[in-house]
Amino acid sequence: MVCMTLYYLYRMFALTPWYDELYTYYFFISRGPVYAAIHWPLPNNHVGYSVLSGVLNCLGNPYIGLRGVSFLCALANLALLFGIGRRYLKRGLSLAAVLFYLSMNLVNQLAVQGRGYTLGITCYLLSFFSLIRICGKEKAGRRYYVLFALSLVLGLYTLTSDVYWVLPVCTAGGIYLLYQGLLERKEKREPCGCPSLRKLAGLVGASLAAAVMTLGLYGIIWLAIGSNLLVKEEGSGFFGMGHVEVILKAPLKAIGTGMDYMLATPYIQSVERAGFLGRFGEWILNLFNWYYDGLSLVTAGVFAFGALFLFSKIRKGMRAGQGDSLLLFLFLLCGIVLTPVFLILQCALPYYRVFAYGGVLLCFLLVLILQQFDKDRAGALGILLSLALAFFCFGFRGYQNQYSMREYEIQDALSHGGIDQAQNLCVTDCTQQYLMKFLYDITCENTQIEGAELVLLDKRMLDPGFEEMVWEFYHYYDTIPWDYMEDSMEPVYENESFVLYRRSGR
């Protein structure tokens with residue numbers, strides 16, 4: 001924990017934020033938690049994460065504001081994994097599971113990013129941790145049902161795509177409690193009712209409460225979006241009204257309008273069904289490669305063998321009436337089987353980073369397989385193998401590289417301009433605009449080059465033959481006032497991709 005705390009702290013401050021992080025900071029986090037909670041202009045807002053980060057941003061440090069929540073969650077995930085592992089695994093394997101997990105490329109890259117994926121994994125682990133307490137032999141306290149519900153709510157409020165793990169977790173808990181309840185009824189140990197079936201009713205109630213709370217939180221967003229659209233639409237009948245007035249007079253209309261807008265710009269786009277399965281196989285292998293770079297086929301083998309192994313263990317456990325590790329096996333198997341089923345039914349190929357939580361499934365599969373094949377030396381063998389893999393991954397797979405060299409080079413160029421003393425600035429693309437806000441707390445919406453004291457140009461803008469559409473650009477060669485640049489500006493710094501100009505005589 002000490003080593004990873006120092007490592008994540010280093011990454012938190014040393015790596016330049018990439019575009020998605022900067023977008024999140026510029027449009028949501030920097031504007032405060034209330035603003036972040038009611039705005040969803042594009043699918044890029046991980047609402048729950050932005051709300052929590054908006055609170056941390058009040059501390060005054062942009063790196064803490066952007067990445068502090070992910071940093072804390074990354075460390076919490078290691079502790080939760082270790083704690084869950086100690087309950088089910090032989091001595092030493094819980095540490096091996098943590099080492100396998102933190103060595104994954106996808107986990108490492110997202111650990112301190114200013115996005116909601118690491119927070120989603122924390123919610124995933126908390127939901128299973130609370131499920132363990134609920135499904136235990138002793139009576140579960142109400143706080144664990146509350147924790148289970150809140151984990152689902154925060155996960156879905158952060159990422160709607162977290163439904164890919166929410167449904168398997170609920171399914172695993174439901175199957176386990178139903179099975180235990182049937183055993184209790186068969187043995188007639190509880191004439192006044194089966195404790196497991198009562199727990200199942202409580203779990204269903206907590207899940208339904210989570211669904212209602214999630215809809216309520218998104219309803220607030222739909223209200224805000226819908227009222228904003230209605231007051232700006234001339235033919236809506238609400239044109240020119242205040243937002244509060246629209247919400248009070250026509251809340252259902254506002255909610256419907258906001259919902260339609262949100263569903264029209266979904267976070268995950270479905271693809272054509274024709275040829276989907278072929279592309280799905282390639283997509284799966286690419287996802288596995290994101291876990292351990294260059295080991296996609298090995299990872300595929302672990303998942304395939306692990307699914308068969310879990311099915312066998314669950315079948316034997318149910319026949320013998322044993323439920324010691326059954327909940328863990330169900331948790332893993334539901335995650336492995338149901339996720340691809342949902343994707344195939346939805347006909348969707350989401351961003352790979354959505355499935356960072358799959359690292360939890362993979363690390364447990366690895367240690368369970370080790371535990372099965374060498375029960376006496378599994379702990380020592382697991383630690384040695386996981387340490388060797390961690391050394392290989394961190395030492396030779398480029399884990400310390402910048403997220404994006406373009407954002408890094410913009411930061412480098414801006415640092416040579418004396419930007420904090422400039423009186424008149426302009427931006428020539430949106431990425432440098434967002435970086436100015438993040439690094440210097442400067443909100444610049446001016447794209448007019450004439451009169452600016454500093455101008456940063458992408459070298460592609462200097463090429464009259466470059467005609468490719470670059471969505472970040474505000475200027476191309478033809479829109480740059482070259483006469484003004486030659487008469488009034490001089491280049492003061494250049495790196496691989498950018499040239500920084502300063503007004504002559506400044």
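Does R406 count as buried or exposed, and at what relative accessibility? R406 counts as buried because its relative accessibility is 16%; the cut-offs are under 20% relative accessible area for buried, over 50% for exposed and partly exposed in between, with a 1.4 Å probe and protein chains only.

This is a predicted model: local features need pLDDT of at least 70, side-chain atom pairs count only at pLDDT 80 or more, and totals for chains, interfaces and linings use all residues. Residues are numbered from 1 along each chain as its sequence is written, and side-chain values use heavy atoms, leaving out hydrogens and water.

D458 and R406 form a salt bridge, with the closest N and O atoms 3.1 Å apart (a side-chain nitrogen of Lys or Arg within 4 Å of a carboxyl oxygen of Asp or Glu). The pair is 52 residues apart, joining strand β1 (454-458) to helix α19 (405-414); helices (H or I, at least four residues) and strands (E, at least two) are DSSP runs, numbered from the N terminus. D458 is buried too, at 3%.

Next, select E453 and R503. Their closest N and O atoms are 3.7 Å apart in a salt bridge. E453 is buried at 7%; R503 is partly exposed at 28%. Now show R406, D429, D458 and R460: salt bridges with shared partners join them into one network.

Jump to D20 and R353. This salt bridge has its closest N and O atoms 3.3 Å apart. D20 and R353 are both buried.

Last stop: α9, residues 142-158. Its buried residues include Y144, F148 and L152.

How values were computed. The expected span of a helix is 1.5 Å times one less than its number of residues.
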